[in-house]
Amino acid sequence: MTIRQPDTLPFTPVVIIGAGRSGTNALRDALTRLLGFATWPCDEINPIWRHGNLDWPDDEIPPERATPAVRQSIRKAFRRIWRQQGTPDFVVEKTCANALRVPFVDAVLPEARYIHIVRNGFDIVASASKRWRGELEMPGLPYYLAKARHAPMSDLPRYAVSALKNRVAIKLGKQEHFDSWGPRFAGIDALSDASLDEIVARQWAACISSSDNSFGHMAPGRVFQVRYEDFTADPLDSLAKITRWLHTPRDEDTLRAAVSLVRASSVGKGQAAAEAMPDTIKSVLEPTMRAHGYLDQE
């Protein structure tokens with residue numbers, strides 16, 4: 001008889017890695033419509049991941065910062081949501097900032113399986129720029145209360161002050177966009193004089209380059225790669241492949257119901273803006289886009 005060690009998780013963590021506006025929400029929602037999959041009842045859990053490292057200047061938290069106390073805190077949060085959600089086989093998590101710290105995540109969750117979703121950089125700039133300006137916001141108070149319920153209580157005042165300060169400044173016209181939205185890559189604060197499109201382009205490139213490098217050092221069987229465009233074009237096929245990869249295949253009707261809300265309507269919307277995009281911004285995007293097959297190889 002196998003005796004389970006005290007720290008062994010009784011479920012498989014499935015961590016979706018992707019830059020902001022890459023379709024991580026749509027992918028998570030499709031997965032968690034399947035029986036045996038669950039997640040947090042809020043958008044992201046960055047406060048859980050950053051607890052104990054709140055003073056680290058960006059989201060590129062190195063693996064050595066996954067101290068026993070930090071590791072225990074995050075794993076406890078995963079266990080808690082697993083119990084609250086009815087002890088499913090898989091707990092799905094998507095926090096976009098994790099794209100910058102995969103080795104840290106893996107130090108906390110060495111059992112994890114990863115789904116890496118990548119989206120066309122031109123579309124990202126068009127979409128993420130709206131979020132930076134406070135557009136496309138999630139529903140107000142209920143959204144923030146849901147996130148607050150799963151954040152460490154001791155860290156809440158700091159997050160509340162930062163969020164309120166940014167939103168008031170935008171409402172009053174004192175600034176055009178948030179000081180920061182989404183993953184905070186090293187050096188982001190030095191770009192205060194750069195255009196918003198350049199900041200977003202560098203954010204996307206940093207996320208994809210960092211996660212590409214991290215997954216390049218990981219056993220291939222632990223990582224499933226998918227492009228947003230492929231997922232939205234044929235979500236049934238993508239989800240079928242993912243469930244087979246997780247050794248939990250489902251019948252076609254079940255999969256079709258799970259992906260019924262997935263739409264491809266936003267694909268290609270950044271192409272028109274890309275025509276007028278400065279070469280300085282294109283030069284940030286194009287190497288990573290080329291590596292993922294979005295541009296012709298030279």
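I began with charges over rings. I found Arg-113 over the face of Trp-245, at 4.3 Å from the ring centre. I counted a charge as over a ring if NZ of Lys or CZ of Arg is within 6 Å of the ring centre and within 35 degrees of the ring normal. Arg-227 lies over the face of Tyr-294, at 4.4 Å from the ring centre.

I noted the ground rules next. This is a predicted model, in which local features need pLDDT of at least 70 and side-chain atom pairs count only at pLDDT 80 or more, while totals for chains, interfaces and linings use all residues. Residues are numbered from 1 along each chain as its sequence is written, and side-chain values use heavy atoms, with hydrogens and water left out.

**Sheet**

I traced an open sheet of five strands, in the order β2-β3-β1-β4-β5, with parallel pairing. Strands here are DSSP runs of E, at least two residues long, and helices are runs of H or I, at least four, numbered from the N terminus. Two strands pair if DSSP finds at least two bridges between them. Which strands stand at the edges? They are β2 (37–38) and β5 (223–227); each has a single partner strand, so one side of each is left without a neighbour in the sheet.

I then checked helix α8 (residues 196–215). It packs on the sheet and touches β1, β4 and β5; contact means heavy atoms within 4.5 Å. The direction of α8 makes about 145° with that of β4. Axes are lines fitted to C-alpha atoms, for helices over the stretch in contact, and angles run from 0 to 180 degrees between N-to-C directions.

**Strand β4**

I looked at both neighbours of β4. Strand β1 (residues 12–17) runs parallel to β4 (residues 113–118), joined by four bridges. Val-15 stands opposite Tyr-114 in β4. On the other pairing, β4 and β5 are parallel over five bridges. There Ile-115 stands opposite Phe-224 in β5.

Is β4 enclosed or open? Six of its six residues are buried, so β4 is largely enclosed by the rest of the structure. Buried means under 20% relative accessible area, exposed over 50%, and partly exposed in between (1.4 Å probe, protein chains only). In a regular strand the side chains alternate between the two faces of the sheet. I sorted β4 by side: Arg-113, Ile-115 and Ile-117 on one, Tyr-114, His-116 and Val-118 on the other, all buried.

**Aromatic pairs**

I listed six aromatic pairs in the structure. Rings of Phe, Tyr and Trp (its six-membered ring) pair if their centres lie within 6.5 Å; planes under 30 degrees apart count as stacked, over 60 as edge-to-face and the rest as tilted. The rings of Phe-11 and Trp-82 have centres 5.7 Å apart and planes at 25°, so this pair is stacked. Phe-11 is in the segment before β1 and Trp-82 in helix α3 (residues 68–84), 71 residues apart. Both are buried.

Phe-37 and Phe-90 are also stacked, 4.5 Å centre to centre with 10° between the planes. I also logged one aromatic cluster of Trp-40, Trp-49 and Phe-78.

**Leu-236**

Last, I checked Leu-236, in helix α10 (residues 235–245). Leu-236 is buried, at 18% relative accessible area. It touches Glu-252, Leu-255, Arg-256 and Val-259, not counting residues up to four places away in sequence.
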